[in-house]
Amino acid sequence: MSPHPTALLGLVLCLAQTIHTQEGPLPRPSISAEPGTVIPRGRPVTLQCRGPVGVYAFRLEREDRSEHKDNYNVSQASPSESEARFRIDSVSKGNAGRYCCLYKKSTSWSKRSDYLELVVKGPTQRPSDNSHNEHAPASQGLSAEHLYILIAVSVVFLFCLLLLVLFFLHRQNQIKQ
């Protein structure tokens with residue numbers, strides 16, 4: 001028994017409508033940071049990407065590099081939203097910058113979210129040729145704390161040297177008398 005042409009036509013039209021509605025543009029995701037976007041150097045931050053329910057994966061991208069991280073550990077943040085978290089254990093100058101999210105739903109990637117600026121707060125070092133290298137030696141510049149210690153040690157050394165000169169002058173004066 002062959003299928004009725006009207007039923008077959010209805011099935012094809014239903015399938016075409018389903019495919020057409022899935023091909024529509026995906027809503028843009030959002031991005032946020034916990035505890036915030038200005039983080040003290042060395043402290044952790046978690047970047048959160050949110051999109052609609054049914055998201056397969058989220059991607060976190062940096063604006064200035066071609067780096068990205070995919071996260072397939074998607075959770076349901078609310079009845080209408082999916083979420084993925086990207087943790088940075090220690091914020092530094094090397095991982096500060098502008099980030100955005102996108103997500104994969106079915107076989108399509110969404111458009112990128114707005115950019116989020118991650119700012120590092122704390123003492124900065126003078127730029128040098130190796131400033132882009134995270135593994136460069138730590139002695140690229142003196143921090144304010146180290147500078148104060150160096151000044152204090154220098155003052156104490158000069159004071160001791162002055163006392164020593166005064167002691168020798170006093171001793172020499174005693175010998176003459």
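Numbering starts at 1 along each chain as its sequence is written. In this predicted model, local features need pLDDT of at least 70 and side-chain atom pairs count only at pLDDT 80 or more, while totals for chains, interfaces and linings use all residues; side-chain values use heavy atoms, with hydrogens and water left out.

**Whole chain.** Display the cartoon: the protein has two helices and ten strands (DSSP runs, H or I of at least four residues and E of at least two, numbered from the N terminus). Their order from the N terminus is α-β-β-β-β-β-β-β-β-β-β-α. Of the 177 residues, 23% count as buried (under 20% relative accessible area, 1.4 Å probe, protein chains only).

**Core.** Next, select Val 45, Leu 47, Phe 58, Leu 60, Phe 86, Ile 88 and Tyr 99, which touch the most other members of the 18-residue largest nonpolar core. Such a core is a set of buried Ala, Val, Leu, Ile, Met, Phe, Trp, Tyr and Cys residues joined through side-chain atoms within 4.5 Å. The elements giving two or more residues to this core are β1 (30-34), β3 (45-52), β4 (57-62), β7 (81-88), β8 (97-105) and β10 (116-121).

**Tyr 99.** Centre on Tyr 99; beyond its neighbours within four places in sequence, its contacts include Ile 31, Leu 47, Leu 60, Ile 88, Asp 114 and Leu 118 (contact means heavy atoms within 4.5 Å).

**Ser 110.** Finally, move to the loop between β9 (108-109) and β10, where Ser 110 is found. Ser 110 counts as buried because its relative accessibility is 8%. Leaving aside neighbours within four places in sequence, Ser 110 is in contact with Leu 26, Pro 27, Pro 29, Leu 102 and Tyr 103.

Terms used: Buried < 20%, exposed > 50% of the residue type's maximum accessible area, 1.4 Å probe, protein only.
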